[in-house]
Amino acid sequence: MEVALFVPCYVDQFYPGAARATLELLEKLGVKVSYPEGQTCCGQPMANSGYEHLTGGCNENFIKCFQGYDYIVSPSGSCVLHVKDHLHSDKAPEASNEIRHRVFELTEFLTDILKVKQLDARFPHRVGVHQSCHGQRGLMLSQMSELTASPFSKPGMLLNMVRDIELVELDRKDECCGFGGTFCVAEEAVSVKMGKDRVADHLRNGAEFITGADMSCLMHMEGILRRNKSATKVIHIAEILNSK
Amino acid sequence: MRSALFLLFTFELFMSSRDKIIQAIKAAALEEVPLPAAVGNPITYEDPVQKFSDVAKAVGTSVLEAESHQAVKDHLMQTYIPEVQTRWGLEQPLRMVSTLPEMEGLAEQITDVALDPHSLENVDMAIMSAQFGVAENSALWVPETMIRVLPFICQHLVLLVDSRQILNNMHEAYEKMGLGDDSFGAFIAGPSKTADIEQSLVLGAHGPRSLAIYLMA
Amino acid sequence: MHTDKKHAALADIFNKDEARVNWHDQTLWFVRAKRDRLTHDLPEWEVLRDTASQIKNHALSRLQHYLQEFEEQALANGVQVHWAADAEEHNRIVCELLKKKGIDRMVKSKSMLTEECHLNDYLAENGIEVIDSDLGERIVQLAKEMPSHIVLPCIHKKKEEIGDIFHEHLGTEAGVSDPQVLTETARQHLRDVFITRRAALTGVNFAVAETGEMVVCTNEGNADMGAHLAEIHIASMGIEKLIPKRAHLGVFLRLLTRSATGQPITTYSSHFRRPRKGQEMHVILVDNGRSRQLARPDFKNSLKCIRCGACMNTCPVYRRSGGHSYHHAISGPIGSILAPNLDMQKFADLPFASTLCGSCSNVCPVKIDIHNQLYKWRQELVKAGYTDKKKTIAMKLMASTLASPSKFKFAGKMGRITLKYAPFTVNNRFNPWYKGREMPEPPKQSFREWYKGRGDFGSS
């Protein structure tokens, strides 16, 4: 099995630790991982702003980098969802279709493809899980509170394999943090308020760490935590699953 | 050519709104989507009457039981009316009206469909019957009887329903009603209410301040 | 309420008072939680949503047929049927019906359509007074505001503010804010209105093609009080309100109020089929852009909406920006996909007032894919040129950087250098990110640089 690691642009630039943990974790689980060097971005920042028509170049580059692998795995639910829903190319329709079916967010790859049953990881802390909307409602990584359906959680299942971790219950278990791509600056007031409220829920329930499968939400919440000089930190789920 | 265009133009101009709307919808040329099957296995209850009664109480309805119309009449006179009077501070004499001949003697009989509905403005209590009830939401089907506004304009409403006529859910309700032929009818579930001020529930918005249901054995 | 301000600016104003934002958020979250309790109690909930969605899709796909069937039945029932191509025509029809009977005062129960058409203003200009009888609507009417929520029109107002309005207009004592007392005052005031008005206008929740009947749902009983006492009852409805069969009401009445307020059903679900003796009953079928929306493949299913407001209650943006920030009669997520159809330029901001979190689509009882339509409206609006030109330039630059691995590498380095060595150029008040958040700390190496150091490139 050959897996290509897709590291979203802002993760590459600002959160290399999350990408490293993803790579090391997959290697630990016996997967051969490559990192195609020419990769840049999935194009979501433009598309969500209404400029999907400008993402052609991004799409071509993405296809060039990622075609031919068994799977493409990424530590970001939001970018994966964008690729799954919107990657297309008139020049290479088959390759783009293929990629859309082979791209996976890390936790769903671990649970659905590798079918991981145990992990050698330890993280002796109180942790709050942030359900990022695109991962949860888009990729269905976990059950959504709005639906009348049985509960499940792929990130939760994996975190429960980590020794000494204590997961905290939240008052609102799957409310959006307010990042929303360009929303975070275009609608600054509401975005910050949403972020503050989400962070407050974790703090109220005693989280030392806030984790999740999407670094963008965590980046937003980290900005708020640090502004308030909070001792609580954000950490990508890959870093917990890869911790010793 | 020019006259054809002119014709077209005037046609457009004089086409009725009805035709314009129908034309516009036709122009959208939607492909027909089939109707779905009926909802399979909707919820049913082991004891629909119990469920009905629980839901009714939860929305502020008083649920009472009675063997016969005479028993209702007795209970109203001896217990329920004095209770309502005390609780709401009503002044005697009360204006009681009913569409049920069995309530003769207790309540003024409404028998004239041509009665001016405004004349019911000062009714304190109306006693009427419902055709059936629905357990899942405690709604009672009250078809128009004599005066349409009666169950809404009265200060307090009493509805009688045969406890064998408590259905499980709304699908059963519409199955029972079929196409129906009532000029007007309403599902009534509880006293009139509002929560428009800060979501705090207040009973007695514009319609009856209270609803009592007599489940008839 | 007229404003040229856009959603972000209005939301910014709303957020100046954080305690109020918290209160607004929690009040609506409470309604969402009530909705969850009721829907999670019903094992067939998701089946009901599916069924309702399909019934609506079917009805829309044969709309001209069902409109004609409804018209035929309604006429046979003695109801007079009018057609209005747009808001102006709707208002004119109402006005003419009233003038013909020499009526200059009307009572109205909740109808979002008449808000959309700005009926009250039109009638006022024509010398006809309208009193809204839904308590929440009466309150915003007295305050000269628009409803901020389609089901809970004055959810943005605190009881003390309502107390002040009642003191000014209805003569309650100053400082009285008990909801019980205020509601009782409104009851007395509006009873007098119901008794004295010869005309009543109501909205329509569902119209049944098969029987020609119209169903109106209220908790207060105000639609019934108005309609059954007036000599002329006018029902205004959008053409999308039609459902094919009476039995379908069973599906929709189970969904509507559970979704809207977390009640099993409204207190009153009134079925109007024929006028009472001596009364006139009219129905106005209004298009006002609906047939245009029907012809947009990406947006036609927004017409499935049954106006329950669940998408507003669940929307984290709505709860923290208030209904008025949407500057349209129908606010929140559903308003943001309906409004651009009416006026692309005026409402170009609304599809962007969302994080695309998708909670709205999950609570929608008729399964409108609201968040996908928000995304699609963004594409339409940009293509039609209704966005900031500066944003377009920035996006073009971004697209060209991200399409080229070498440009991207260079830009990334520059970005991190800027952050590390000159934080003041970024961390200042001109950067909206920095206003409420710290910037991420720049790492020494990007992942790519670290990976290169590992010597793994070229393995694939």
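**Arg172(A) is buried, with a relative accessible area of 12%.** Buried here stands for under 20% relative accessible area, with exposed over 50% and partly exposed in between (1.4 Å probe, protein chains only). Everything shown comes from a predicted model, in which local features need pLDDT of at least 70 and side-chain atom pairs count only at pLDDT 80 or more, while totals for chains, interfaces and linings use all residues. Residues are numbered from 1 along each chain as its sequence is written, chains are lettered from A and ligands numbered from 1 in the order in which they are written, and side-chain values use heavy atoms, leaving out hydrogens and water.

**Asp25(C) meets Arg172(A) in a salt bridge, 3.0 Å from N to O.** Asp25(C) sits in helix H2 (residues 18-40) of chain C and Arg172(A) in the loop between strand S6 (166-168) and helix H10 (183-186) of chain A, so this pair joins two chains. Helices (H or I, at least four residues) and strands (E, at least two) are DSSP runs, numbered from the N terminus. Asp25(C) is buried too, at 4% relative accessible area. A salt bridge puts a side-chain nitrogen of Lys or Arg within 4 Å of a carboxyl oxygen of Asp or Glu. Both partners belong to a salt-bridge network that also includes Glu18(C), Arg319(C) and Arg320(C).

**Arg254(C) forms salt bridges with Glu136(B) and with Glu44(C).** For Glu136(B), the closest N and O atoms are 2.9 Å apart. That pair crosses between chains, from helix H12 (residues 248-260) of chain C to the loop between strand S5 (132-134) and strand S6 (139-143) of chain B. Arg254(C) has a relative accessible area of 0%, and Glu136(B) is buried at 3%. The bridge to Glu44(C) spans 2.8 Å. Here the partners are 210 residues apart, with Glu44(C) in the loop between H2 and helix H3 (45-61) of chain C.

**Strand S9 of chain B pairs with strand S9 of chain C.** Residues 184-188 of chain B and 268-272 of chain C run antiparallel, joined by 5 bridges; pairing takes at least two DSSP bridges. Look for Phe187(B) opposite Ser269(C).

**Chain C and chain B bury about 6,900 Å² between them.** Buried area is the accessible area (1.4 Å probe) that two parts lose on being put together, summed over both. Carbon and sulfur atoms account for 61% of this area. Arg187(C), Arg246(C) and Tyr268(C) supply 10% of what chain C buries against chain B, more than any other three residues. The interface holds 7 salt bridges, and one of them joins Glu32(B) to Arg62(C) at 3.5 Å.
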